[in-house]
Amino acid sequence: MKLGVLFSGGKDSAFACLRAMGKEEVTCLITVLPKNPESYLFHTPNTGLTALQAEAAGLPLVTVESEGVEEAEVADLSRAISRAVERHGIEGVVTGAIHSVYQATRVQRVCHSLDLWCFNPLWLKDQEEYLEEVVSSGFRFLISAVSAVPLDEGWLGREVDHHAVEDLKAMARWHRMNPAGEGGEYETFVLDAPFFRKRIEVLRASREYHAGHGVFRIEEARLVAR
Amino acid sequence: MILVVDLSYRPGSLSLDEFVAPVECIVRNEGVTARMRHYTGLSRQDIASADGVILCGTALKDFGYLEALDRFAWLPSFPCPVLGICAGMQVLVRVYGGDVHSATGIGMAEQRVVAPDPLLAGKDRFLAFELHCLSVAPPPSFTILAGSPSGVQVIRHRELPVYGVMFHPEVRNEWLVRRFLSLCRPGKETGMP
């Protein structure tokens with residue numbers, strides 16, 4: 001079955017892509033680029049770099065811009081998926097949703113209206129085990145945004161290795177946050193994945209942090225040999 | 001041992017992670033042994049050694065299980081409790097002589113309990129995650145326990161501990177699976193009339 005992966009550039013959509021590749025044929029990545037950083041439905045930091053990630057993976061990328069207005073985002077998503085059907089003949093869509101009923105409901109409705117399959121291979125996974133699994137599977141990713149109190153400016157741009165996983169798990173227990181960031185506590189950017197042919201090297205980036213919210217904005221990056 | 005049955009389009013599919021693994025996780029977290037099997041690969045030994053069966057849901061566009069109902073002919077003579085979730089509920093209804101028809105429910109929806117039962121004890125109304133484009137018309141041997149605007153949501157056989165649930169209890173209503181498991185333990189009183 002030909003599938004398109006809703007791809008934000010973060011660890012969840014990238015890991016979902018890996019799972020889908022193991023069982024079906026992934027023919028493209030699909031990214032919705034929200035202009036609104038407070039998007040309800042889509043991941044926002046560094047989504048402009050999914051083109052570089054798609055190139056690293058050797059997969060075509062379908063992009064659609066969105067104003068990031070709550071329910072209009074669903075129409076933008078539908079437009080993006082329709083475009084992937086036209087260009088790459090996808091029969092279904094894969095998402096990296098873990099616990100978000102809000103996100104899952106909207107993607108399922110769009111797929112149903114377009115008569116497409118919808119798969120959520122990370123659905124309801126234990127978040128601590130999942131986070132460890134992503135790191136152990138050979139993914140390299142950094143924290144690209146934070147929006148929860150225990151995650152301070154020092155986390156922006158930090159690569160998530162086994163030590164960082166332990167820190168996130170400890171914080172999750174103390175502060176009742178989701179260790180894998182599913183509640184929007186943090187966002188990630190994937191530098192390398194098992195299905196990448198090249199990895200991404202960040203050459204220049206900036207940090208913005210204010211009142212518990214911060215973004216690690218990648219301003220220049222390139223592909224290098226793995 | 002609880003037999004957790006995968007009704008998806010093929011063994012080891014992407015839907016296994018989404019619809020079967022979370023149910024198996026709830027079973028294991030209750031300290032109960034779970035055996036996961038695809039419906040096309042069930043052995044007599046799997047069925048004979050089970051203290052209960054959970055038939056899991058599958059993707060919205062997946063209907064292959066309804067074209068293979070002969071694979072479920074063992075259900076009416078299975079002596080222990082059965083819980084059919086979504087696709088599993090549709091299978092139960094068809095195997096027992098009822099019907100399915102188009103009716104879509106996607107997302108959280110209010111469930112109204114309409115008849116008392118140990119499985120839903122203490123619940124009057126609650127929210128649950130629906131993901132279906134078929135609904136059921138249960139046969140006379142079943143009673144309707146709960147419904148939502150999209151149709152019948154919970155049913156039970158009038159004489160057997162056999163339940164069908166159209167919503168997905170593994171999403172935010174794990175209590176329902178845990179209550180079902182309490183009916184399955186060997187020697188446990190089923191609470192049936």
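Modeller: Let's start with chain B, where the axes of helix α1 (residues 14-29) and helix α4 (residues 174-184) come within 10 Å and cross at roughly 55 degrees. Axes here are lines fitted to C-alpha atoms, for helices over the stretch in contact, with angles from 0 to 180 degrees between N-to-C directions; helices are DSSP runs (H or I, at least four residues), numbered from the N terminus. This is a predicted model, where local features need pLDDT of at least 70 and side-chain atom pairs count only at 80 or more, while totals for chains, interfaces and linings use all residues. Residues count from 1 along each chain as its sequence is written, and chains are lettered from A in the order written, with ligands numbered from 1 likewise.

Who meets whom? On the α1(B) side, Val23(B), Ile26(B) and Val27(B) meet Glu174(B), Val177(B), Arg178(B) and Leu181(B) of α4(B), contact meaning C-beta atoms, placed from the backbone, within 7 Å. That set splits into five nonpolar, no polar and two charged residues (Ala, Val, Leu, Ile, Met, Phe, Trp, Tyr, Cys and Pro are nonpolar, Asp, Glu, Lys and Arg charged, the others, Gly among them, polar).

Now chain A: its assignment, automatic or from a database, gives domain 1 (2-119) and domain 2 (127-225). Their contact takes 21 residues from domain 1 of chain A and 25 from domain 2 of chain A. On the domain 1 side, α1(A) gives the largest share, six residues.

Note on methods: Helix = DSSP H or I, 4+ residues; strand = E, 2+ residues; numbered from the N terminus. Contact = placed C-beta atoms within 7 Å.
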